[in-house]
Amino acid sequence: MARMLHYQRPWQQTRGASSMANLHEHVPRLLERCSHLNQLKQIQALLFGLAHADTQFFAFKLVRFCALKLSDLDYGRRIFDHLRSPNIYLYTAMITAYASHPEHSSSAFLLYRDMVRRARPRPNHFIYPHVLKSRSEPLEADIVHGHVLKSGFGQYPVVQTALLDSYSRSSSGVDSARLLFDEMHERTVVSWTAMISGYVRFGLMGDAMSLFEKMPERDVPSWNALIAGCTQNGFFSQALSILRSMISASTSEDGKTRGNRPNAVTVACALSACGHTGTLQLGKEIHCYILRNGLALDFYISNALIDMYGKCGSLIEARGIFDRTVKRNLTSWNSMINCLALHGQTRQAISVFEEMMTFGVDMLPDEVTFIGLLNACTHGGHVERGQAYFEAMTQDYGIQPWIEHYGCLIDLLGRAGKFEEALQVIGAMKIQPDEVIWGSLLNGCRVHGDIDLAELAVSKLIELDPDNGGYGAMLANLYGEQGKWEEVRRVRKTLKERDAYKTPGCSWVEINNQLHQFYSVDLTHPRTDEIYTVLESLVDAG
DNA sequence: CTAGGGTTAG
């Protein structure tokens with residue numbers, strides 16, 4: 001670097017005004033070549049040694065460099081703090097830097113507050129969106145709103161939209177966001193979309209939809225907000241039908257497309273919806289669309305493809321995309337592991353995890369990874385291995401188990417008939433056991449014919465979920481299997497009195513563009529005989 | 001120099 005600087009100081013050969021102009025050109029160019037803090041310090045020493053009038057300009061460049069290239073906000077702040085009175089550009093640069101690093105987001109607001117207290121420099125309307133992006137405190141939007149009104153920027157659509165967005169992200173803030181939205185004189189497509197996303201985040205899909213219907217104009221992000229809202233709230237087929245509307249709205253009569261065509265964000269959501277609904281054919285079409293339109297295979301898209309193919313049962317395709325994806329993030333690994341687990345590929349799921357482990361601290365597993373692993377172990381009946389993973393998760397990785405992890409563990413132990421250990425786990429849980437936990441235990445009791453424990457599980461289940469008759473029906477079946485008909489009659493009578501009917505389990509699969517749907521104990525499919533013949537042969541083979 | 005949209009688990 002010293003050598004580089006030696007040859008890269010053209011301003012030393014010129015004097016006066018032209019030397020300053022050269023500095024303005026060459027400092028950014030020098031910064032582009034630098035990649036380490038030490039190199040930056042050399043430039044800094046040179047600049048501040050000159051003590052010229054444009055200190056603020058160069059400090060601005062250096063702060064931005066610290067934030068964007070080095071991610072060293074503390075050093076950026078030191079440069080900032082050396083200035084006697086930083087101008088609005090410096091405050092904006094420093095606040096933007098903090099706001100874009102989640103772990104520093106509270107500093108963004110604190111620095112803004114300092115600026116307001118000093119009353120110098122005066123804020124401009126550009127700074128508010130940056131300040132609001134940090135979202136450190138729930139009351140922050142209110143405070144900033146007050147400042148905005150006082151400083152006279154209250155009617156700037158961009159500032160209002162940033163405020164609206166900030167309100168809508170704070171808990172129970174959608175109503176405040178809506179008030180602001182209703183008061184706005186000038187609403188842009190961005191304001192509408194921000195409001196829709198606010199509704200989406202609290203699961204108010206009805207409000208989101210009706211606002212979307214009323215929008216005077218729509219662009220790609222507004223369609224995406226609605227489609228993403230559907231997938232994030234579990235309305236997967238709805239998401240796909242909105243995708244179809246989007247496509248037909250973007251297709252003119254001559255069959256050519258224009259306007260709001262699906263982009264990378266749209267297809268990432270749509271692929272997720274395809275995975276959840278098993279819509280393999282559409283998923284493949286979307287894959288082609290991605291390739292035809294040269295949409296970049298970024299993390300979101302490649303991971304969504306892995307997930308879609310995996311969930312639809314095309315594990316070879318999923319694995320192919322996973323293997324060809326050079327840049328993988330945690331979600332890539334998790335998607336692959338979870339898909340393999342879903343289809344009972346225990347050995348492969350574990351081997352993908354072990355490959356992931358070779359990256360050490362560069363690719364640490366999280367909660368979702370362990371859900372996949374525990375599911376894989378349950379499918380494969382690897383009780384001890386599953387227990388070891390659970391142990392490693394809490395002990396080695398310091399991950400607090402979710403209720404889902406306990407659900408997997410109880411499922412694993414219950415299927416293996418290890419009821420004593422299962423009860424121990426339930427007793428030691430820091431979270432209140434839910435119906436999944438007792439349901440998993442009950443399932444284990446059914447497999448192993450443990451009536452007493454089944455009674456306990458059912459009583460807990462009825463407490464937690466009184467309207468669901470399925471548990472009682474399961475208990476009745478269990479008595480039936482053991483020939484205890486008196487007990488069967490008793491349970492059925494209670495079920496009838498409580499008017500609790502079993503909601504049947506339902507699954508479906510798409511084969512050759514045709515959807516086949518099955519309820520539990522369902523004999524209505526036209527090829528039922530063949531299906532059950534194959535099923536029985538599979539059971540025999542197992 | 002400013003505002004809205006994305007993947008995994010349940």
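A residue is near a molecule or strand if one of its heavy atoms lies within 4 Å of it. By this definition, 51 residues surround DNA strand B, and the closest are Asp219, Asn224, Asn263, Asn303 and Trp402. The structure is a predicted model, in which local features need pLDDT of at least 70 and side-chain atom pairs count only at pLDDT 80 or more, while totals for chains, interfaces and linings use all residues. Residues are numbered from 1 along each chain as its sequence is written, chains are lettered from A and ligands numbered from 1 in the order in which they are written, and side-chain values use heavy atoms, with hydrogens and water left out.

The surface near DNA strand B has 20 nonpolar, 21 polar and ten charged residues. Here Ala, Val, Leu, Ile, Met, Phe, Trp, Tyr, Cys and Pro count as nonpolar, Asp, Glu, Lys and Arg as charged, and the others, Gly among them, as polar. Helix α14 (residues 220-232) gives the most to this surface, with seven residues; helices are DSSP runs (H or I, at least four residues), numbered from the N terminus. Of the DNA strand B atoms within 4 Å of the protein, 48% belong to sugar or phosphate and the rest to bases.

Serine 335 is found in helix α20 (residues 330-342). Serine 335 has a relative accessible area of 12% and is therefore buried (under 20%, with a 1.4 Å probe and protein chains only). Its side chain reaches the backbone oxygen of threonine 331 at 2.7 Å.

Definitions and conventions: Helix = DSSP H or I, 4+ residues; strand = E, 2+ residues; numbered from the N terminus. Buried < 20%, exposed > 50% of the residue type's maximum accessible area, 1.4 Å probe, protein only. Polar contact = N/O pair within 3.5 Å; in protein donor to acceptor, adjacent residues only side chain to side chain.
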